[in-house]
Amino acid sequence: YGFQGSRLLFASELKAFAAHPDFAADIDRGALSLYIRHGCVPAPHCIYRGICKLPAGSWLQLPLRSAGTAAAANSPLAYWRLSDAVERGRARPFVGSASDAAAALEDTLGRAVRRQMLADVPLGAFLSGGIDSSAIVSLMQAQSSRPIRTFAVGFTEAEYNEAGYAKAVAEHLHTEHTELYLTPGDALGVIPQLAQIYDEPFADSSQIPTVLLARMARRHVTVALSGDAGDEMLCGYNRYRVAARWGVLAKIPLPLRRLTGQLLQRVGPDNWRRLFDRLGRQVALPAAMTEKLDKFALQLQRADDVAALYYGLVSALDDPGRVVVGGGEPATWLTRIGLAQAFADPQAHMMFLDAMSYLPDDILVKVDRAAMAASLETRMPFLDPDFVEFAWSLPAGLKFRQGQGKWLLRQMLYRRVPQALLERPKSGFAIPLGDWLAGPLRDWCESLLAPERLRREGFFDVDFVGQCWHQHRSRQREWQTLLWNVLMFQSWLEGGRG
């Protein structure tokens, strides 16, 4: 929504604005800088100048007498806040044994699943074979008299393929399972459609398998449950492991941390892979992991508290001004409130930041728009209000124990699915992006990143983008996240603006 001249424009999709003659469609370079950092444009910001997104759980009241004044439309009111649910949970901490907590978790999550299974249309679930989706499907199957329809996506690249795990869990739970294996050709086929699907530039690369998974599921069901938000509620992301060790890292003198970080950065992608091979790793080291190692090495040199560590780890680039021409970053919830509102527990602090920013601005946008583009409704039991409060009432030691996240959820799930089917390193819903960009998608990349094109459009620093592209394709350094952010903007600019 926003004023264009004296007219208020609002719509459920940004592309609808293009139909109005007063819509200027001027790109906001500040929002573009936020996009380069996060891979999405955080609410309430929008890629177009003068337009805002209504934040999740909010409504807007606009007095008719003040029509024509932009200030009148700048104060959305919240009808539900996740932060309030978090505080209610923390105000009533769970008291009881680990066994009691596992039983309470199963009961609370089971009720959430039961409520979300109510439907007068065919219903199924996404199943990756990981902890979150397996927990949801196991509770669905326990409450169903017929096999639940489950859906999974796989890749021919072994280090990214989780379809086999999903199939094993499906067979154990006796679901009716369907899987789809993706190739670089599948990705290239869907990439031109992403700008229309996501409306704004959006660069979480797992959007590709999510779009194709939603299309596959819609051929069989109309509603699908997913395991999204389990990580934010129950301490699942790998960065929470780093947070657990922050007390130790912070005690290391900064000069020593800087030296260690510099040495780690000099290892390089190929040497990391060779090192892992020599250590007897069974699966090749994905490009995404070497990029994360490089990012951790950088933050080891810079972070002076857990908030700064978090901000660095979730940023594709610490200074988007290096790549966006004329793009100063505006304030966001993270920079205005979130990074200063520290919880005593570093893990709880990171989980809260993710729940308030990364979850609504990235994860939920990714899944909802991919599903809606296929006319599929998605539901997320881990975001049931009662479950959110319960999850935030749990002591930290029941979420993260012995170096393992989502500990309590695992204990509940082991009663239903053998532990051997579930235990493996967390990989998320990733695609072989780094390899695809330097390989089968290279011609597409070259077209969008051509120096003369970037210079003509004037949004990005041509030399910096060119350097990153050269280093990536020669495998000197992994720049897949930053490059994908630039490429998705370029693709949107080319054909997705309505």
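Which residues form a nonpolar patch on the surface? Select W59, L77, Y79 and W80: together these form the patch, with about 440 Å² of accessible area. Patches are made of residues with over 30% relative accessible area and no salt bridge, with nonpolar side chains (Val, Leu, Ile, Met, Phe, Trp, Tyr) joined within 5 Å and like charges within 9 Å. Accessible areas come from the Shrake-Rupley method with a 1.4 Å probe, and for residues only the protein chains shown count as cover.

The model is predicted: local features need pLDDT of at least 70, side-chain atom pairs count only at pLDDT 80 or more, and totals for chains, interfaces and linings use all residues. Residues are numbered from 1 along each chain as its sequence is written, and side-chain values use heavy atoms, with hydrogens and water left out.

**Stop 1: Y79**

Helices (H or I, at least four residues) and strands (E, at least two) are DSSP runs, numbered from the N terminus. Y79 counts as exposed because its relative accessibility is 60%. The classes used throughout are buried (under 20% relative accessible area), exposed (over 50%) and partly exposed (in between), with a 1.4 Å probe and protein chains only.

**Stop 2: the open sheet**

Next, select the strands of the sheet. Five strands form an open sheet in the order β7-β6-β5-β8-β9, with parallel pairing. The edge strands are β7 and β9 (377-379), each of which pairs on one side only. Neighbouring strands of this sheet are turned by 30 degrees against each other on average, direction ignored. For such angles, axes are lines fitted to C-alpha atoms (for helices, over the stretch in contact), and angles run from 0 to 180 degrees between N-to-C directions. Two strands are taken to pair if DSSP finds at least two bridges between them. Strands of a sheet pair through backbone hydrogen bonds, either parallel or antiparallel.

**Stop 3**

Colour residues 149-155, which make up strand β6. Is this strand mostly covered or uncovered? It is mostly covered, seven of its seven residues being buried. R149, F151, V153 and F155 point one way from β6, whereas T150, A152 and G154 point the other way. In a regular strand the side chains alternate between the two faces of the sheet.

On one side, β6 pairs with β5 (residues 123-126) in the parallel sense over three bridges. Here, A125 has T150 of β6 as its bridge partner.

Select V153 to find its bridge partner in β7, L180.

A distance drawn from the C-alpha atom of R149 to that of K295, 146 residues apart along the chain, spans 39 Å.

Elsewhere in the sheet, β8 (residues 223-225) and β9 pair in the parallel sense over three bridges. V223 stands opposite E377 in β9.

**Stop 3: salt bridges**

How many salt bridges does the structure hold? There are 26, each a side-chain nitrogen of Lys or Arg within 4 Å of a carboxyl oxygen of Asp or Glu.

Begin with D107 and R111, whose closest N and O atoms are 3.2 Å apart. Both lie in helix α3 (residues 98-116), four residues apart, about one turn of the helix. D107 is partly exposed at 43% relative accessibility, and R111 is partly exposed at 28%.

Move to R239 and D354, whose side chains meet in a salt bridge (2.9 Å, N to O). R239 lies in helix α9 (residues 239-244) and D354 in helix α16 (residues 346-373), so the pair ties together parts that are 115 residues apart in sequence. R239 is buried at 17% relative accessibility, and D354 is buried at 0%.

Finally, select R453 and E494, a salt bridge with its closest N and O atoms 3.1 Å apart. The pair links helix α22 (residues 451-457), which holds R453, to helix α24 (residues 480-495), which holds E494. R453 is buried, with a relative accessible area of 11%, whereas E494 is exposed, with 52%. Salt bridges that share partners also join E13, K15 and D199 into one network.
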